[in-house]
Amino acid sequence: METITSLSNPLVKRARSLRQRKARLESGLFLVEGIHHVGELVEAGWDVENVLYAPELLTSSFARSLLSRLEEKQPVSAAVMESLAEKENPQGIAAVARQRKTRLGEYKPRKSAVALVSPQDPGNVGTILRAMDAVGADCLFLLEGGTDLYHPTVVRASMGALFWKPVIQAGFDEFVSWARRENFQLIGTSAKADVDYQTLIPKIPWILALGSEQKGLNAAQTAACDVTVSLPMKGRVSSLNLAVAAGVLLYRYALAEETTP
């Protein structure tokens, strides 16, 4: 197969366009870069439209094994691959994949989940997915919009967890009604909460609800939760990064699941 060297090649232009939210929304596709990420995408069974790879950049046996499993693949020059990458020194492989849409009610968490209300930082969303995978949380709810789930930074920061954890997008009120019908304990988070996070033993199944980086949960959203917890602040800072706070709480409550009779 002839190697693509032109930056204006239609296949290359389409892949590059997926770095923009508008193109992802219109096409229902997204871009995945890097050997590990593409490997996880394929292993998880996602619908891969095409794979672009630069032979001179792919030297590992894992990369060659991965390519042997793919049907729709196109060799490109190193310069073309660099034009697709968001960072320097690309690993030499990128995949165009089809997005998945999971609706409320199509998947029910067995033990635990996380709900993020209007998160703005794609790095936080990806990092939280990675933490969820580490503790065995079942799925993520994205409520009231916010950052695009398929933003390249979400994909990269999740380290492949995005491809294994169902993500359900819904409105907050719709989500709360569903959670109550299904008897989930909603654990809210607020710097003003009276309950120290260390004292709470969650009731399975539970969902940890966190607000946006700037505003947190509003009064109505806090009131909709069954209990609201806070993280103690002993220094001068008044809050933690959203992903850090989620990680602390997930590890605390996941461990509580294992020790609760």
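Glu 43 and Arg 69 are joined by a salt bridge in which the closest N and O atoms are 3.3 Å apart. This pair connects distant parts of the chain, with Glu 43 in helix α3 (residues 35-43) and Arg 69 in the loop between α4 (61-68) and β3 (73-75), 26 residues apart. The structure in which this pair is seen is a predicted model. Side chains of opposite charge can pair when their charged atoms come close. Glu 43 is partly exposed, with a relative accessible area of 49%, and Arg 69 is also partly exposed, at 47%.

The count of salt bridges comes to six. Another of them is formed by Glu 86 and Arg 156, whose closest N and O atoms are 3.4 Å apart. Because Glu 86 lies in the loop between α5 (78-84) and β4 (93-98) while Arg 156 belongs to helix α7, this bridge ties together parts that are 70 residues apart in sequence. Glu 86 has a relative accessible area of 33% and is partly exposed; Arg 156, at 27%, counts as partly exposed too.

A further salt bridge is made by the side chains of Asp 148 and Arg 24, at 2.6 Å from N to O. Asp 148 sits in the loop between β6 and α7 (152-158), and Arg 24 in helix α2 (residues 21-27), so the pair ties together parts that are 124 residues apart in sequence. Are these two residues buried or exposed? Since buried means under 20% relative accessible area, Asp 148 counts as buried at 9%. Arg 24 is likewise buried, with a relative accessible area of 2%.

The strands come next. Strand β2 (residues 48-53) is joined to β4 by five bridges, and these two strands run antiparallel. Within this pairing, Val 51 of β2 stands opposite Ala 95 in β4. Strand β2 is also joined to β3, here by three bridges, and this pair runs parallel. In that pairing, Leu 52 stands opposite Gln 74 in β3.

Which of its residues are buried? They are Phe 172, Phe 175, Val 176, Trp 178 and Ala 179. Just after α8, Asn 183 takes a positive phi of about 60°.

The last stop is on the surface. Met 233, Val 237, Leu 240, Val 244 and Val 248 make a nonpolar surface patch of about 370 Å². One of these residues, Val 237, is found in the loop between β11 (227-230) and α10 (242-259). Val 237 has a relative accessible area of 54% and is therefore exposed, as the term applies to values over 50%.

Conventions
Residues are numbered from 1 along each chain as its sequence is written. This is a predicted model: local features need pLDDT of at least 70, side-chain atom pairs count only at pLDDT 80 or more; totals for chains, interfaces and linings use all residues. Side-chain values use heavy atoms; hydrogens and water are left out. Patches are made of residues with over 30% relative accessible area and no salt bridge: like charges are joined within 9 Å, nonpolar side chains (Val, Leu, Ile, Met, Phe, Trp, Tyr) within 5 Å. Accessible areas come from the Shrake-Rupley method with a 1.4 Å probe; for residues, only the protein chains shown count as cover. A salt bridge is a side-chain nitrogen of Lys or Arg within 4 Å of a carboxyl oxygen of Asp or Glu. Helices (H or I, at least four residues) and strands (E, at least two) are DSSP runs, numbered from the N terminus. Buried means under 20% relative accessible area, exposed over 50%, partly exposed in between (1.4 Å probe, protein chains only). Two strands pair if DSSP finds at least two bridges between them.
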